[in-house]
Amino acid sequence: MRQPWRFSWWWVVGGAVIALAGAAAIARQSLEQQRALFETDARIVHRLLSQQVVQHDAILATLALLQPAPAAPNTGSPEQRLPALYPRILSVQRSDTTTPWPDPGLAEAERRSRQSGRAALAPLDLQSGRYRMVLASTPASYALTIDLQALVPWAEWPMRAETSAVRVELVHAGQRHLVQPGRLQAGAGSRFEFHKVVAAESQPFDVVATQTVGWRQWPWARMLAWMLAVAALLAAVRHLQRQRMARRRAEELLRLGQVARLNTLGELAAGMAHELNQPLTAVLANTQAAQRLLDDDPPELATARGAMAQAAAQARRAAEVVGRLRRAVERPDSGDQRQTVDAVEAVRRALYLLEPECRRRSVSPALDGAPALGVVADPVALDQIVHNLILNALQALEQVPTAQRRLTLTLRAVDGLGELAVADSGPGIAPEVLPRLFEPFFSTREGGLGLGLSLCETLASGMGGSLSATNSAQGGAVFRLRLPLAGGTP
């Protein structure tokens with residue numbers, strides 16, 4: 001059976017739950033922060049690429065508008081100067097009735113451009129890292145060949161392409177062009193994705209950004225710090241609880257010690273009063289008799305009568321002093337304080353108070369029998385008896401090797417009485433000591449008063465019970481405390 005307030009595994013479970021829940025919250029918060037940063041960078045990437053591709057439509061429209069005007073001398077045509085102004089434009093091609101397109105793909109793109117009224121893409125090969133677009137116009141149509149890698153404005157790019165974990169691709173019609181490789185990780189983890197088409201109908205490239213956050217990217221330092229903080233807090237709380245338990249144990253031991261000293265003093269005073277009252281009574285009787293005899297003597301005996309009267313007065317005074325001492329320290333009647341008490345809880349309280357003593361002697365008490373046993377007793381007296389019996393057993397176990405130390409407390413109902421048996425594996429009780437074990441002032445320990453067991457036996461008798469001791473056949477001593485069962489007839 002578990003002793004009161006003993007450390008429970010619920011502390012460990014509760015601490016683990018709090019630590020894991022906090023660590024999960026920290027990890028979730030970190031993931032949300034990384035997701036927000038990822039989405040912000042992806043939107044910036046989409047805006048930058050959209051600005052770039054929109055310029056291509058504007059360039060082609062400008063070429064179509066400027067074509068009727070002749071070029072200035074020694075300056076060349078406008079399309080010849082474009083690659084110098086826009087490094088991403090690899091070449092500018094022109095087609096009219098005299099110079100047809102050399103590539104059928106460009107001719108098909110021109111046809112689609114005339115139908116839609118805007119620039120159209122030629123057949124794509126994104127793996128080559130470039131693409132072409134055509135704007136149909138009169139009298140000439142224009143085509144641009146664009147370098148995809150040079151399309152990226154790296155000076156304004158929100159990430160470092162060499163070290164960023166974000167992968168960026170341009171996707172169209174099942175083809176992909178890798179803009180930024182990123183560091184995608186295989187296996188478990190959180191995956192962030194962003195898809196959005198650039199803001200140009202003529203170049204409907206889908207900007208795809210992905211990022212995988214693996215276990216290594218988790219905020220392990222903060223999570224570990226949180227768990228250590230929880231462990232430190234629980235350890236501090238546990239330490240404070242142990243201090244409080246130790247203080248309660250000390251207060252309870254002090255209370256039991258005070259009760260034991262008062263009861264012992266009561267036994268001692270009662271014995272002294274009993275021993276002194278007999279001679280005092282005899283002195284009083286003799287002096288009274290002498291007083292009566294002296295009344296018949298010659299007149300000179302008046303002095304003797306005065307002396308005898310004075311002796312009788314002093315004897316009465318001594319008897320009164322002893323009587324007052326006895327009344328002042330006499331133990332109150334336990335019967336007036338009797339009530340229903342759970343003997344099992346009383347044993348648990350005693351084991352809790354004596355837990356340091358058990359631990360110091362390497363003794364693990366075993367509590368067997370009924371889970372609850374109601375008896376009629378004075379709670380304080382019952383606590384004192386159980387405490388003394390267990391402490392005596394622990395002291396007896398000091399005389400045997402540690403490996404042989406056993407202490408068993410058994411509670412059961414026997415013949416209408418509740419019985420507590422305290423059995424130890426000590427050396428037992430010597431045969432010549434056993435008959436005198438409960439005599440007042442008889443002790444086998446050096447310095448002992450010999451009042452502990454006598455007081456326990458007196459307390460048990462005062463509650464309508466009994467206390468006995470025997471030697472066990474297996475070795476050691478067995479003390480049996482029997483008290484009336486609650487609701488039973490002893």
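**Close-up views of a predicted model**

By the rule that a disulfide is a pair of cysteine sulfur atoms within 2.5 Å, the count comes to 0 disulfides. This is a predicted model, in which local features need pLDDT of at least 70 and side-chain atom pairs count only at pLDDT 80 or more, while totals for chains, interfaces and linings use all residues. Residues are numbered from 1 along each chain as its sequence is written, and side-chain values use heavy atoms, with hydrogens and water left out.

**View 1. Overview of the protein.** The protein has 9 helices and 15 strands; helices (H or I, at least four residues) and strands (E, at least two) are DSSP runs, numbered from the N terminus. Of its 490 residues, 39% count as buried, where buried means under 20% relative accessible area, exposed over 50% and partly exposed in between (1.4 Å probe, protein chains only). Contact means heavy atoms within 4.5 Å. Among contacts with a separation of 6 or more, 67% are between residues 24 or more positions apart.

**View 2. Helix 8 and its length.** Helix 8 covers residues 379-397, and 14 of its 19 residues are buried. The expected span of a helix is 1.5 Å times one less than its number of residues. For helix 8 this gives 27 Å, which agrees with the 27 Å between its end C-alpha atoms.

**View 3. Packing of helix 8 on helix 9.** Helix 9 (residues 452-462) packs against helix 8 at an angle of about 145°, with the axes 10 Å apart. Axes are lines fitted to C-alpha atoms, for helices over the stretch in contact, and angles run from 0 to 180 degrees between N-to-C directions. Helix 8 contributes Ala381, Gln384, Ile385, Asn388, Leu389 and Asn392 to the contact, and helix 9 contributes Gly452, Leu453, Leu455, Cys456, Leu459 and Ala460. By class, this contact has 8 nonpolar, 4 polar and no charged residues (Ala, Val, Leu, Ile, Met, Phe, Trp, Tyr, Cys and Pro count as nonpolar, Asp, Glu, Lys and Arg as charged, and the others, Gly among them, as polar).

**View 4. Two cysteines.** Cysteine 358 counts as buried because its relative accessibility is 4%. Cysteine 456 has 0% relative accessibility and therefore also counts as buried.

**View 5. Surroundings of alanine 143.** Alanine 143 lies in strand 4 (residues 141-147) and, at 0% relative accessibility, counts as buried. Leaving aside neighbours within four places in sequence, alanine 143 is in contact with Leu60, Ser91, Val92, Gln93, Trp101, Leu106, Met133 and Val134. Alanine 119 is 24 residues from alanine 143 in sequence and 8.9 Å away in space, C-alpha to C-alpha.
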